[in-house]
Amino acid sequence: MTVDPPTLAAGLIAAVPFARTVGIEITDVRVDGDDISATATLPDEERLHNHVAGPHAGAIFTLAETASGAVVMAAFGGHLALGTPLAVRSEIAYRKLAVGPVRAVARLGRPVRDVIAELAAGERPEFPVAIEVTRADGAVTTEMTVVWTIRPHR
């Protein structure tokens, strides 16, 4: 499958105005078979800060969830006629203090063909997307998993 990262990024940010509101940019999308990843960044802006002068937890969550959405669109955007992607649940762990600009890298956790096969069979597949958020020095500040589904059109 061919993915045009700038088009995907622009479409996702246009479809999710809140990501645009906090200044998230999708900077990279890669598809190599089932190895699908996306990178998104959050700027260091005072309006996004918490009480310790780093990005607010809500902004970090939004960054990670947006990166996971870019992975979903890269993996399954060509199959939207079959169903609608929806986040089902998430788990987040804040590991270190985030300061400055942060970057989220998200990776698909299930083979695309397995998810599509379940969807084509009329099932509602679930699949995880794992995300690591790092600060400029490379330290992992946050780990998050978003479990997504594709709700079949009926």
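## Helix α4 and its surroundings

The buried residues of α4 pack against β2 (35–42), α3 (57–76), β4 (102–108), β5 (126–135) and β6 (140–152), where buried means under 20% relative accessible area with a 1.4 Å probe and protein chains only, and helices (H or I, at least four residues) and strands (E, at least two) are DSSP runs numbered from the N terminus. The model is predicted, with local features needing pLDDT of at least 70 and side-chain atom pairs counting only at pLDDT 80 or more, while totals for chains, interfaces and linings use all residues. Residues are numbered from 1 along each chain as its sequence is written, and side-chain values use heavy atoms, with hydrogens and water left out.

Within α4, which spans residues 112–120, the buried positions are V112, V115, I116 and L119. Viewed down the axis of α4, these buried residues fall within an arc of 95 degrees, so they line one face of the helix; the arc is that of the directions from the helix axis to the C-beta atoms. After α4 comes G122, whose phi is positive, near 85 degrees.

Once neighbours within four places in sequence are left aside, F76 is in contact (heavy atoms within 4.5 Å) with L108, V112, V115, I116, F127 and I150.

## Strand pairing

Strands β4 and β5 pair in the antiparallel sense over seven bridges, pairing being assigned if DSSP finds at least two bridges between two strands; R135 in β5 is the bridge partner of V102. Antiparallel pairing also joins β5 and β6, over nine bridges, and here T142 in β6 is the bridge partner of V133. The hairpin of β5 and β6 has four residues between the strands, and in it G138 takes a positive phi near 90 degrees.

## The chain as a whole

The secondary structure comes to four helices and six strands, running α-α-β-β-α-β-β-α-β-β from the N terminus on. Buried residues make up 42% of the 154 residues in the chain, and among contacts between residues at least 6 apart in sequence, 67% join residues at least 24 apart. The C-alpha atoms fill a box of roughly 50 × 30 × 30 Å, taken along the principal axes.

Key: Buried means under 20% relative accessible area, exposed over 50%, partly exposed in between (1.4 Å probe, protein chains only).
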